[in-house]
Amino acid sequence: MTITDSHAADTKVLRLNAASLRKIVEPEEAFNFAAIRSGQVLPDDLLSVAGLELDLTADQRAQLSREEAAAMLSMGVAFESILDAGFSLQVAMADDLTDPRVSYMLHEIGEETRHSRAFIRIIEQLSPTAVNPMDTPLLKWLNRRFLPTLIMSPALLATMVLAGEEIPDLLQKLAADHPDTDPVIAQVNRYHRMEEARHLAFARTTVGELYRTATRRERLLIRHLAPLLIDGLFGTFVHPGVYATVGLPTWATWKAANRTPQRRAVKLAAVRPVLEALMAAGVFAPGRIPRRWRNLCQVDRRGRPLADSPTLATFGLASSAA
């Protein structure tokens, strides 16, 4: 990185620090969580099963909407906790505490903890009953083995932060813009997206810096493991257990839902900006996109979308850039 590039990055981060001071939202004061309605909270066309033509009653659709919303918010709390842990470690090990990046990481930790509190309050109101069949002793063991690696790998963490911000950002935009979404949930989604826009800007600014100083092992993880993790992350935002709550086959419905053209279109709209950010940061060059990233994003070697990829516009959904 040149001195000019470093100065430009410093300037961007200083602006993000200033923006974080303008308005601090305490969720318990800003939102009336008790006003979340008792019935359906997400519209039919935003449920993961849209396109499967299932014969569900109104009560089943309402229950499924609550279970899906709670599952996604629970995933958000878990991911934000991982981000907080990784940033805390970077702050603890920082050579220069006066670096504006350190201050911004502290801002982001504060904002993420407030987001998690808001999500937990919504989950309480939704009263989900689903049991996640993926929450097994084996998966917990794998998490205990892998999460320390993720937390201690700043460039890999930044890559996953891009994914962990882009995916819910799109899902929440679609929900917030839909007139049939519960008003309180839509309000929280808009608040969350407003602050996450800064978090995305920080990740896009720093991922290239971190990649240039990353170890060979960490670079290999970004090239080959990260796209698999991101694919799994999207697929488990709505875990299989939600379908059992309305009498649907658990695993069969989950697999079918993730294969529908509409769900694939949502995934592509969420994950392609991650690849675009990595290319803009110099992590990948056009013409040299790794195969697993091409498979995840359905793009060619130069990062151009494949012609037969499903798009949100096909299903009348707003694009993430709109």
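Predicted model: local features only at pLDDT ≥ 70, side-chain atom pairs only at ≥ 80, totals over all residues.

I looked up aromatic pairs and got six. The rule takes rings of Phe, Tyr and Trp (its six-membered ring) with centres within 6.5 Å; planes under 30 degrees apart are stacked, over 60 edge-to-face, the rest tilted.

Phe 31 and Tyr 191 make a tilted pair, 5.2 Å centre to centre with 50° between the planes. Phe 31 is in the loop between α2 (27-30) and α3 (58-92), while Tyr 191 is in helix α7 (residues 183-212), 160 residues apart. I note that helices are DSSP runs of H or I with at least four residues, numbered from the N terminus.

Buried or exposed, I asked of Phe 31? Phe 31 is buried because its relative accessibility is 8%, and Tyr 191 is buried at 6%. (Buried is under 20% relative accessible area, exposed over 50%, partly exposed in between, with a 1.4 Å probe and protein chains only.)

Next I checked Phe 87 and Phe 202: the centres are 6.1 Å apart and the planes at 85°, so this pair is edge-to-face. Phe 87 lies in helix α3 and Phe 202 in helix α7, so the pair ties together parts 115 residues apart in sequence. Both Phe 87 and Phe 202 are buried.

I also found Phe 31, Phe 33 and Tyr 191 linked into a cluster by ring pairs.

On to the surface: Leu 138 sits in helix α5 (residues 137-151) and counts as exposed because its relative accessibility is 57%.

Residues are numbered from 1 along each chain as its sequence is written, and side-chain values use heavy atoms, without hydrogens and water.

Technical notes:
Helix = DSSP H or I, 4+ residues; strand = E, 2+ residues; numbered from the N terminus.
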